[in-house]
Amino acid sequence: MPALHIEDLPEKEKLKMEVEQLRKEVTMQTQQVSKCSEEIKNYIEERSGKDPLVRGIPEDKNPFKEKGSCVIS
């Protein structure tokens with residue numbers, strides 16, 4: 001199926017798509033960025049102690065730890 005390019009559509013179709021999008025947007029609940037960002041920050045900080053990307057993985061539980069090294073002489 002070929003890709004649909006907006007610029008290839010007639011003006012009437014573009015306006016219909018725009019109206020559909022605006023109808024969707026008007027029903028969406030919105031929140032202030034300042035409130036959302038504070039909630040996201042708190043969520044991350046509360047869980048950072050358990051995050052292996054922040055704390056690291058203990059050597060005894062790391063499945064990707066190198067088993068040994070190989071030396072070619």
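**Exercise 1. Describe the nonpolar surface patch that includes Ile 40.**

Solution. Step 1: Ile 40, Tyr 43 and Ile 44 make up a nonpolar patch on the surface. Patch members have over 30% relative accessible area and no salt bridge, and nonpolar side chains (Val, Leu, Ile, Met, Phe, Trp, Tyr) are joined within 5 Å, like charges within 9 Å. Step 2: together the three residues expose about 330 Å² of accessible area, computed by the Shrake-Rupley method with a 1.4 Å probe, where only the protein chains shown count as cover. Step 3: Ile 40 belongs to helix H2, residues 33-47. Helices are DSSP runs (H or I, at least four residues), as are strands (E, at least two), numbered from the N terminus.

The model is predicted: local features need pLDDT of at least 70, side-chain atom pairs count only at pLDDT 80 or more, and totals for chains, interfaces and linings use all residues. Residues are numbered from 1 along each chain as its sequence is written, and side-chain values use heavy atoms, without hydrogens and water.

**Exercise 2. Find how many salt bridges the whole structure holds, and describe each pair.**

Solution. Step 1: the search finds three. A salt bridge is a side-chain nitrogen of Lys or Arg within 4 Å of a carboxyl oxygen of Asp or Glu.

Step 2: Lys 16 pairs with Glu 13 at 3.8 Å, N to O. Both residues sit in helix H1 (residues 11-27), three residues apart, about one turn of the helix. Lys 16 is partly exposed at 43% relative accessibility, and Glu 13 is partly exposed at 34%. The classes are buried (under 20% relative accessible area), exposed (over 50%) and partly exposed in between, with a 1.4 Å probe and protein chains only.

Step 3: in the pair Lys 35 and Glu 39, the closest N and O atoms are 4.0 Å apart. Lys 35 and Glu 39 are about one helical turn apart because they are four residues apart in helix H2. Lys 35 has 46% relative accessibility and Glu 39 has 41%.

Step 4: Glu 46 bridges to Arg 47, with the closest N and O atoms 3.1 Å apart. Glu 46 counts as exposed because its relative accessibility is 59%, while Arg 47 is partly exposed at 38%.

**Exercise 3. State the helix content of the region that UniProt annotates as "coiled-coil region".**

Solution. Step 1: the UniProt record (unreviewed entry) puts this region at residues 12-39. Such annotations may be inferred rather than shown by experiment. Step 2: residues 12-39 are 82% helix and 0% strand. Step 3: the end C-alpha atoms of this span lie 42 Å apart.
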